[in-house]
Amino acid sequence: ILILYSAVGVVAPLAIVGFAIAYIGRNPWNDRLFHVFALTLIPILLSIFSSPIHDYHFGSIVIHETPFPHYETAGSLGRSIAMIYALLAFVVLIYYFLILYLKSRRRPSSAILAFALGFGVAFAVAIISEAGVVPVETYDYTPYGIGVQAVAISYAVFALGLRDIGPVARD
């Protein structure tokens, strides 16, 4: 289940890049950047699915019982590459939304701020969790950061009018 969870986690950045490219009105299948992200994903997925044979993606997996049942995964080179891949997808998404924001006559700055803060919180929580500067060092707090990110993006889109800068309401 951990391998499947990790595979879904690295496919999500490709979906984010595809969404960003489609949102600005381009076809992701014809976009060179999308092809680069898709081709880069192949070796990452191979390292995840072949992880039981080697320790390229997970250095080790340990199950802890205290203070509550959870597992700990030690990172390795493959996991670091997957995190850089996700960070690059975030940068691409921000870039495309920035292009839309600058081209739009209506500029909802509070929506862009909420959007960026949501992603910033998610990555900050992932980095802090990976560094072990948390109450339970062996527990991964990243899903909580992603939850905050989802709430922030939903708030930016539906309450603050972020959807008004894209193809939904072309100038």
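Predicted model: local features only at pLDDT ≥ 70, side-chain atom pairs only at ≥ 80, totals over all residues.
Residues are numbered from 1 along each chain as its sequence is written, and side-chain values use heavy atoms, with hydrogens and water left out.

H1 has 22 residues and should span 32 Å at 1.5 Å a residue, which agrees with the 31 Å between its end C-alpha atoms; the expected span is 1.5 Å times one less than the number of residues. Its buried residues (under 20% relative accessible area, 1.4 Å probe, protein chains only) include Val10, Leu14, Val17 and Ile21.

On to H2, residues 32-49: this helix reaches 26 Å, close to the 26 Å expected. Phe34, Phe37, Leu41 and Ile44 are among the buried residues of H2. The buried set packs against H1 and helix H3 (77-103), with contact taken as heavy atoms within 4.5 Å.

H1 turns up again at the largest pocket, where it gives the most to the lining, with 9 residues. A pocket, on a 1 Å grid over the protein atoms alone, is an open set of points where a 1.4 Å probe fits, with protein on both sides within 12 Å along at least five of seven lines; lining residues have an atom within 4 Å of a point. The lining runs to 40 residues, with Tyr5, Ala126, Asp140, Thr142 and Ile146 nearest the centre.

Methods:
Helix = DSSP H or I, 4+ residues; strand = E, 2+ residues; numbered from the N terminus. Buried < 20%, exposed > 50% of the residue type's maximum accessible area, 1.4 Å probe, protein only.
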